[in-house]
Amino acid sequence: MPELPEVEALRDFLATHLVGQRIARAQPVAISVLKTYDPPLTALDGRTVTGVARYGKFLDLDADGLHLALHLARAGWLRWHDALPAAPPRPGKGPLALRVALEGGAGFDLTEAGTRKSLAAYLVHDPQEVPGIARLGPDPLAPEFDRDRFAGLLAGERRQLKGALRDQSLIAGIGNAYSDEILHVARMSPFKQVDRLTDDEITALYEAVRATLTDAVERSRGLAAGRLKAEKKSGMRVHGRTGEPCPVCGDTVREVSFADSSLQYCATCQTGGKILADRRMSKLLK
């Protein structure tokens, strides 16, 4: 799933390639992709893209006051074309979900792999009309997101760190992958309770959030859209690296599996050497 660093890199890429360009047409290909119907998607025809913004994991294309908000979900991606295919896209079983064509012939496709279709596009007058954007918590890379703001968000939370970091209404933009990375940097168990954090641990976690996301954004900055997935994977310390050596201590990176996802961690760095039980089978070993 694209998370804050990849979506920020896409925002930067699209700002360079789209702003000032006139939209020829925006065409939904998959029935499920478009979540709004008023105004119709044809209202974008002939409008000029005036800005590109990011809200958590959402991209927002401002076209003369109309906003095309995009959420790539788990398996979605954006593919840029300097010259789009001449033939119009046809609905079918392929990955193509939405095409936006510019008057100069360039444009982009939104694609989604797999059978579970969650990619979403909204055409609205204000981004806050999109429910997923309206409920977002603060952006962890915003200048005003300081340690005290972070501590205030955690106050009163009575759940595990992994779940808290992934909650978009608490903090915007962090998903499964970067929560693993943040917790590895902070040297904390994904199942540590938020309300048991000391002041020093809150500081360490805050610094890990900022450093991990900032580093990932800097690694991705300037890359073409097609290279972002590979960059994300290559920069991971523990996420997606089950069975490989931890880059810090050399211990084996381990995995905990859930019904529809998994997490990775280093026992030596994060849990004092204790192995976390597979959540499908039993509770956390303490």
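Helices H3 and H6 cross in a right-handed sense, where right-handed means that the near helix is turned clockwise from the far one by less than a right angle. This is a predicted model, in which local features need pLDDT of at least 70 and side-chain atom pairs count only at pLDDT 80 or more, while totals for chains, interfaces and linings use all residues. Residues are numbered from 1 along each chain as its sequence is written, and side-chain values use heavy atoms, without hydrogens and water.

**Helices H3 and H6**
- The axes of H3 (residues 147-154) and H6 (residues 199-220) come within 10 Å and cross at roughly 115 degrees.
- H3 is therefore roughly perpendicular to H6 (65 to 115 degrees).
- Arg 147, Phe 150, Ala 151 and Leu 154 of H3 meet Asp 199, Ile 202, Thr 203, Leu 205 and Tyr 206 of H6, contact being heavy atoms within 4.5 Å.
- This contact comprises 6 nonpolar, 1 polar and 2 charged residues.

**Lys 232**
- Lys 232 belongs to helix H7 (residues 228-234) and is buried, at 14% relative accessible area (buried: under 20%, with a 1.4 Å probe and protein chains only).
- Beyond its neighbours within four places in sequence, Lys 232 contacts Met 1, Pro 2, Glu 3, Glu 6, Ala 177 and Tyr 178.
- Its C-alpha atom is 8.5 Å from that of Pro 5, 227 residues away along the chain.

**Cysteines**
- The whole structure contains 0 disulfides (cysteine sulfur pairs within 2.5 Å).
- For Cys 266, the nearest cysteine sulfur is that of Cys 249, 3.4 Å away; Cys 266 is buried at 0% relative accessibility.
- For Cys 269, the nearest cysteine sulfur is that of Cys 266, 3.7 Å away; Cys 269 is buried at 5%.

Note on methods:
Helix = DSSP H or I, 4+ residues; strand = E, 2+ residues; numbered from the N terminus. Buried < 20%, exposed > 50% of the residue type's maximum accessible area, 1.4 Å probe, protein only. Axes fitted to C-alpha atoms, helices over the stretch in contact; angles between N-to-C directions. Parallel < 35°, antiparallel > 145°, perpendicular 65-115°, else oblique. Nonpolar A, V, L, I, M, F, W, Y, C, P; charged D, E, K, R; others polar.
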